[in-house]
Every structure is written in structure tokens, then in C-alpha cells.
Amino acid sequence: MKNLLLLVFLVGIVGCREKALSPEELQPLVGKWRLSAVQPAGKNEWEDVTQSSQYQFEIRYDGVILDQNGLPACCAPKYLSVNGKTFTIVPKESLPNNPLCALVSCLACDTWNMDLQGDKLIVSYCEGSGRNRFVKL
């Protein structure tokens, strides 16, 4: 009986452990990404983005999200959830101030959910907000 209780306890501890993404596992995300399509909330079809100046962002080696000018993104998340594993963003070097962020009212979600498949990245920012598909540059 004691062995059974010990086994249940150990399985419970191991099973409750948070699935964390290591810095090494983050590496496929590092780089610049360009918006290629959007899927509005409640729709099952993707709409291609054909504007000449599509939205771009960059993921730095430490998970920090930068805008297309290399400045910290406004309303950036605290966490990335990539293929079911969570990565806590902790800047490894100082970040300059982005003056555009003073003009933005953030209702940001703490976690960006990401599905990485090769050079395609699907991002959902908040529950029920739709999804964006990016391609790596």
C-alpha cells in the first residue's frame, strides 16, 4: 500500500511539472517574421495579406519581441507558448525606449500562443482574437 501511495505521489509531481521551453528550443523562432495571412475570429478561412508594407516583427535570442525598427514591441507578452511549451521572456540585455508605445493603449495578453511549423508561425494573441500567420524572412 505504501508503494502504491508513493507511486501515485511521484506520478502526480512529475505530471504537474510545467512544460517549459528551453532557450535552445526557442532558437527556431529567433529571427524576423512577416505577416502573410490573417484568420479573423470565428472564421475557418485564411485571408492573404497583400499590402506592400506588411507587419513584421523580430524574436530576439532571449525571446524579446522587437518591432520592424528593432525597438521593443508595444504591448509585448511576458510569455511565449510554443507548441504547448511555455517560455518566460527575460531580457538578457537592456532595451531602448520605444517612443511609439506612449501613443498606444495596451490591452495585451500576457501570453502569445505560437504554433511553429517549419518557416511558418501561427500566432494567437488573446482568446477569441483570431490568428495571424507569419513567414520567416
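Tutor: Before we look at this predicted model, one definition is needed: a disulfide is a pair of cysteine sulfur atoms within 2.5 Å.

Student: How do you know that Cys 109 and Cys 126 form a disulfide?

Tutor: The sulfur atoms of Cys 109 and Cys 126 are 1.6 Å apart, and the rule asks for a separation within 2.5 Å, so the pair counts as a disulfide. The torsion about the S-S bond of Cys 109 and Cys 126 is 130 degrees, and this link is right-handed. The pair links distant parts of the chain, with Cys 109 in the loop between S6 and S7 and Cys 126 in the loop between S8 and strand S9 (131-136), 17 residues apart.

Student: How many disulfides does the rule give, and what pattern do they follow?

Tutor: The count by this rule comes to three disulfides, and when the bonded cysteines are counted along the chain, the pattern is 1-3, 2-4, 5-6.

Student: What makes the disulfide of Cys 74 and Cys 101 left-handed or right-handed?

Tutor: The sulfur atoms of Cys 74 and Cys 101 are 2.1 Å apart, and a disulfide joins the two residues; the torsion about their S-S bond is about -100 degrees, which means that this disulfide is left-handed. Because Cys 74 lies in the loop between S4 and S5 while Cys 101 lies in the loop between strand S6 (85-88) and S7, the pair ties together parts that are 27 residues apart in sequence. Cys 74, with a relative accessible area of 25%, is partly exposed, and Cys 101 also counts as partly exposed, at 26%.

Student: How do you know that Cys 75 and Cys 106 are joined as well?

Tutor: Their sulfur atoms are 1.9 Å apart, and the cut-off is 2.5 Å, so Cys 75 and Cys 106 form a disulfide. This link is left-handed, with -85 degrees about the S-S bond, and the pair connects Cys 75 in the loop between S4 and S5 with Cys 106 in the loop between S6 and S7, 31 residues apart.

Student: What makes up the largest nonpolar core, and which of its residues touch the most other members?

Tutor: This core has 22 residues, of which Leu 29, Trp 33, Ile 59, Leu 80, Met 114 and Leu 121 touch the most other members. Among the elements that give two or more residues to the core are strand S1 (31-39), strand S3 (56-59) and strand S7 (111-117), and S7 gives the most, with three residues. Leu 80, not counting residues up to four places away in sequence, touches residues including Leu 26, Ile 65, Phe 87, Ile 89, Trp 112 and Met 114. In soluble globular proteins, nonpolar side chains tend to be buried together.

Conventions. Residues numbered from 1 in each chain as written. Predicted model: local features only at pLDDT ≥ 70, side-chain atom pairs only at ≥ 80, totals over all residues. Heavy atoms only, no water. Core = buried A, V, L, I, M, F, W, Y, C linked by side-chain atoms within 4.5 Å. Buried < 20%, exposed > 50% of the residue type's maximum accessible area, 1.4 Å probe, protein only. Helix = DSSP H or I, 4+ residues; strand = E, 2+ residues; numbered from the N terminus. Contact = heavy atoms within 4.5 Å.
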